[in-house]
Amino acid sequence: MIARLCLAIALTKYDNLEGNAMDPLTAFGMASTAFGAIKTAFEHGREIESMISDIGRWSNAVYDVESLHQKEKRRANRFASIEEEALETFLYKQRIKEQENELRTMVNMRFGPTAWQEILNVQAQIRKDRIAAREKAQQERDQFLYNAAIWACGGGIAFLVLGLFYTIITGMMS
């Protein structure tokens, strides 16, 4: 059962890597809402296994908060002062850390003291696998383009040579 929980959390956490139009505040709100659902369900005695989708939503929203906040930091923000941005970052990170600690406690209480670390290990492995798959796909695309360029150049050269021979032969016959 722990493997299923690990896999569900790990798979949902990194599905939303690109194309997100949310701001960090919205993502943080989603994380807090998902965490509230998890905490309420746990307090009412629901099994963690039945909360996989909520845990996945929380993990995904936490990832969004972190990645979107990094994106916002890179953008020139003329409406917020450095102090506001620093305080916002600190508060988001502290609240996420508190939520993660509570979730870690819930998971460890249910599955044993090493369960959370197992989840983190599975997440790291899936992250590595996805990065490797992306790199492999990029290499395959690059190789395909290289091969296509070689064939196109070879075909162009062959066409020019045939055209030159045709011109020479038709010139000799006239």
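**View 1. Ile 157 and the nonpolar surface patch of the predicted model**. Ile 157 is a residue of helix 5. Because its relative accessible area is 53%, above the 50% cut-off, Ile 157 counts as exposed. Together with Val 161, Leu 162, Leu 164, Phe 165, Ile 168, Ile 169, Met 172 and Met 173, Ile 157 makes up a nonpolar patch on the surface. The accessible area of these residues together is about 990 Å².

**View 2. Span and buried residues of helix 5**. The end C-alpha atoms of helix 5 are 86 Å apart, which agrees with the 87 Å that its 59 residues should span at 1.5 Å a residue. Buried in this helix are Ala 115, Trp 116, Ile 119, Gln 123 and Ile 126.

**View 3. Helix 4 and the residue that follows**. The 30 residues of helix 4 reach 42 Å from the first C-alpha to the last, close to the expected 44 Å at 1.5 Å a residue. Its buried residues are Thr 89, Tyr 92, Ile 96, Gln 99, Leu 103, Met 106, Val 107 and Asn 108. Residues three or four places apart in an α-helix point the same way, because there are 3.6 residues a turn.

**View 4. The largest nonpolar core**. This core holds 21 residues, of which Ala 31, Ile 38, Trp 58, Leu 103 and Val 107 touch the most other members. Two or more residues each are given to the core by helix 2 (24–43), helix 3 (52–74), helix 4 (82–111) and helix 5 (115–173). Helix 2 provides the largest share, with 7 residues.

How values were computed: Residues are numbered from 1 along each chain as its sequence is written. This is a predicted model: local features need pLDDT of at least 70, side-chain atom pairs count only at pLDDT 80 or more; totals for chains, interfaces and linings use all residues. Side-chain values use heavy atoms; hydrogens and water are left out. A nonpolar core is a set of buried Ala, Val, Leu, Ile, Met, Phe, Trp, Tyr and Cys residues joined through side-chain atoms within 4.5 Å. Buried means under 20% relative accessible area, exposed over 50%, partly exposed in between (1.4 Å probe, protein chains only). Helices (H or I, at least four residues) and strands (E, at least two) are DSSP runs, numbered from the N terminus. The expected span of a helix is 1.5 Å times one less than its number of residues. Patches are made of residues with over 30% relative accessible area and no salt bridge: like charges are joined within 9 Å, nonpolar side chains (Val, Leu, Ile, Met, Phe, Trp, Tyr) within 5 Å. Accessible areas come from the Shrake-Rupley method with a 1.4 Å probe; for residues, only the protein chains shown count as cover. A salt bridge is a side-chain nitrogen of Lys or Arg within 4 Å of a carboxyl oxygen of Asp or Glu.
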